[in-house]
Amino acid sequence: MKKKSELVHAPETIEGWFSLHQVFSSTDPQAKTSAPRRDAYPDGWSGVTQLIGSRGSVMFNHFYPSLDRIAEAERQTIDAAKAEPIYSFLSVTEAGLYHITAQLAAEAEKRGGEVGDEIYRAEMGERIRAEKESDHIKRR
């Protein structure tokens, strides 16, 4: 049986912004030029790029901090694109807290506690808050 220090724990993560890419195909020249190149909103942005050498002719990119806002942008684009949707994918930026997770697991073992106990959760919450406020995470 493995000792506690030999166990591997999944790292905590901080989710960031969501990104939706929508690829459309169209023979209508307006589909390529009618959408703005980049629309900035207080909570994110959307933009369009002409594709070359692809089955699609344009790609809309949406970057927002919530899935609700992404869904809204997706609906608006489908309604306004004047084009046939052929492909889309959604992703999320994520910051892994590998070092912090390992450090807090080791500290829990040293004090006779366990990963996920009250002290661990409280410290992890504080570390996540501090990490979210760091310049590194804000730039992501």
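The following questions and answers concern the predicted model of one protein chain.

User: What secondary-structure pattern does the protein chain follow, read along the sequence?
Analyst: This is a predicted model, in which local features need pLDDT of at least 70, side-chain atom pairs count only at pLDDT 80 or more, and totals for chains, interfaces and linings use all residues. Residues are numbered from 1 along each chain as its sequence is written, and side-chain values use heavy atoms, with hydrogens and water left out. Helices (H or I, at least four residues) and strands (E, at least two) are DSSP runs numbered from the N terminus, and the protein chain has five helices and five strands. Read along the sequence, the pattern is β-α-β-β-β-α-β-α-α-α.

User: How many bridges join strand β1 to strand β5?
Analyst: Two strands pair if DSSP finds at least two bridges between them. Strand β1 covers residues 12-25 and strand β5 covers residues 84-97, and the two run antiparallel. Within this pairing, Val-23 stands opposite Tyr-87 in β5. The number of bridges joining β1 to β5 is twelve.

User: Which residue in β4 is the bridge partner of Phe-18?
Analyst: β1 also pairs with strand β4 (residues 58-64), in the antiparallel sense and over seven bridges. Val-23 has Met-59 as its bridge partner in β4. For Phe-18, the bridge partner in β4 is Tyr-64.

User: Which residue in β4 does Gly-47 stand opposite?
Analyst: β3 and β4 run antiparallel and are joined by six bridges. In β4, the residue opposite Gly-47 is Asn-61.

User: Why is β4 described as largely enclosed by the rest of the structure?
Analyst: A residue is buried at under 20% relative accessible area, exposed at over 50%, and partly exposed in between (1.4 Å probe, protein chains only). Of the 140 residues of the protein chain, 29% count as buried. β4 is largely enclosed because its buried residues number six of the seven.

User: With which side chain does the side chain of His-62 make a polar contact?
Analyst: His-62 lies in strand β4 and is buried, with a relative accessible area of 1%. Leaving aside neighbours within four places in sequence, His-62 is in contact (heavy atoms within 4.5 Å) with residues including Phe-18, Trp-45, Ile-70 and Thr-77. A polar contact is a pair of N or O atoms within 3.5 Å; within protein, one must be able to donate a hydrogen and the other to accept it, and residues adjacent in sequence count only if both atoms are side-chain atoms. At 3.1 Å, the partner of the His-62 side chain is that of Thr-77.

User: Is Arg-69 buried or exposed?
Analyst: Arg-69 also meets Glu-72 in a salt bridge (3.8 Å, N to O). Of its two partners, Asp-43 is partly exposed at 27% relative accessibility, and Glu-72 is partly exposed at 33%. At 10% relative accessibility, Arg-69 counts as buried.

User: How far apart are the closest N and O atoms in the salt bridge of Arg-129 with Glu-126?
Analyst: These residues are three apart in helix α4, so Arg-129 and Glu-126 are separated by about one helical turn. Arg-129 is partly exposed at 45% relative accessibility, as is Glu-126 at 39%. The closest N and O atoms of Arg-129 and Glu-126 are apart by 2.6 Å.

Conventions. A salt bridge is a side-chain nitrogen of Lys or Arg within 4 Å of a carboxyl oxygen of Asp or Glu.
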